[in-house]
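Please read this briefing alongside the sequence and the model.

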Amino acid sequence: MTAAASPTPTRPGAPAVAGPPRYDGDTTVPAGKVKLPPVVWLLGAVSFVMSTSSLIVAGLLPQISDSLGVSVSSAGLLITVYALGMGIGAPVMSLATLRLPHRSAMIAALLVFAAGHILGALGSNLALALVGRFAAALGNGTFWVMGAVVATAAAGPAARTRAMSVMVGGMTLANAVGVPLGTAAGQLVGWQALFWTLALISLAATVVVARRVPADTGGGDSSLRAELGALKHPHLWLIYLAAALMQGGLLAFYSYIAPLLTERAGLSTTVLPLAMLGYGAGALAGTAFGGRRGDRRPYATLIPAAAVTATLLAAITLWATNSVAAVILLVLLGAVGISSTPILVGQVIRIVGPGRALPVALTTSAFQVGIASGSWIGGVALTSALGLKGPSLVGLALALAALLPLSLLAAASQRTAGAAVLGGSPSTPHSRDSHLHPPHA
């Protein structure tokens with residue numbers, strides 16, 4: 001990643017022809033507007049399908065508990081197990097599939113995902129359903145990691161963060177549209193039928209991935225030592241910390257959005273889905289914005305995003321007693337808070353280089369840690385003397401805490417850019433904080 005591309009010679013007086021992105025030291029100089037390849041959009045579409053499954057159980061817990069003959073709280077373990085499968089399983093499976101070509105790993109992940117839903121649909125007791133959900137989560141986590149590696153490699157250095165915004169956009173669209181529609185469908189035809197449908201869709205996606213993802217997209221050149229060696233870079237752990245804190249800040253509030261909007265803001269329960277849809281629309285816009293701006297000025301985008309997220313959570317704490325104000329703040333929070341997600345994943349790939357699955361998998365784990373810890377602490381605050389103000393206050397504290405690792409990363413980026421200038425490496429105004437020094441050539 002440190003070798004500069006040789007300039008293309010031109011005849012005197014001939015017009016300059018924009019070539020592919022070139023690398024000057026550690027500075028990416030985009031040559032013209034880079035168009036994302038079709039494979040990126042394909043992987044984003046599959047991310048939408050798989051992410052729809054991850055949260056769809058939440059709206060069907062009463063049905064599932066009745067069908068399996070367990071309490072709703074026991075059925076809620078299906079959500080916990082899925083989070084564990086995503087958070088712990090993603091890095092484990094990234095190592096288990098280390099020697100597989102990425103396309104083969106993604107096909108295997110889709111098959112495991114389908115098998116998990118078939119097992120869940122056939123299961124007549126909670127134990128089998130839990131095993132099925134864990135298997136589906138393993139498939140989801142593995143596909144997402146490999147998809148991120150393939151999408152960013154296909155997009156090239158000048159558009160890696162934009163490619164990640166498509167992957168994250170699939171997840172965001174699933175939360176905004178897929179989960180509500182899937183919940184309604186599950187309530188209409190039954191949750192087992194919905195699981196069968198997701199299994200069939202994932203099998204169809206397997207065929208498409210096998211035909212459309214390039215066969216030479218593979219990782220056979222990696223090794224366990226190389227993957228673990230990439231984790232020695234200290235900046236990676238600052239990114240993981242920032243990811244957990246930013247995600248935790250959002251989920252501390254959003255996990256309890258229903259009581260906060262209905263009981264504190266006085267919003268009607270019939271309008272609540274529309275408010276959540278507004279949050280999803282804002283999140284989609286924020287993901288697109290972060291993907292486009294994050295390739296050029298990541299920390300000049302991330303730090304304001306964390307600061308504005310904290311400001312919005314403070315405003316929610318103080319003024320979200322009016323339903324109109326609460327919904328407006330909610331939509332803005334979705335737009336600003338989610339904008340950081342593709343940038344953070346993109347920065348991990350900039351540090352370790354394309355093709356490293358384990359560091360990307362640990363980014364997924366960091367987000368899952370943020371989701372679990374943020375929702376748990378927010379719940380504790382909700383039942384404390386803080387009451388309905390508790391979750392947003394927890395989110396405010398976590399968002400402010402994220403400013404520390406982000407500021408350290410930005411300072412390191414500035415030092416790297418300054419050293420490059422002093423050393424004679426060319427730079428551009430747009431790329432002075434574009435990424436940190438990779439640990440390898």
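**Overall surface and make-up**

The protein chain has an accessible surface of about 18,300 Å², and 70% of this belongs to carbon and sulfur atoms; such areas come from the Shrake-Rupley method with a 1.4 Å probe. This is a predicted model, in which local features need pLDDT of at least 70 and side-chain atom pairs count only at pLDDT 80 or more, while totals for chains, interfaces and linings use all residues. Residues are numbered from 1 along each chain as its sequence is written, and side-chain values use heavy atoms, leaving out hydrogens and water.

**Whole chain**

- The protein chain has 17 helices and two strands, which are DSSP runs (H or I, at least four residues, for helices; E, at least two, for strands) numbered from the N terminus.
- Of its 441 residues, 54% count as buried, meaning under 20% relative accessible area with a 1.4 Å probe.

**Helix 4 and helix 16**

- Helix 4 and helix 16 (residues 357–382) pack at an angle of about 170 degrees, with their axes, lines fitted to C-alpha atoms over the stretch in contact, 8 Å apart.
- That angle makes helix 4 roughly antiparallel to helix 16 (over 145 degrees).

Technical notes. Buried < 20%, exposed > 50% of the residue type's maximum accessible area, 1.4 Å probe, protein only. Axes fitted to C-alpha atoms, helices over the stretch in contact; angles between N-to-C directions. Parallel < 35°, antiparallel > 145°, perpendicular 65-115°, else oblique.
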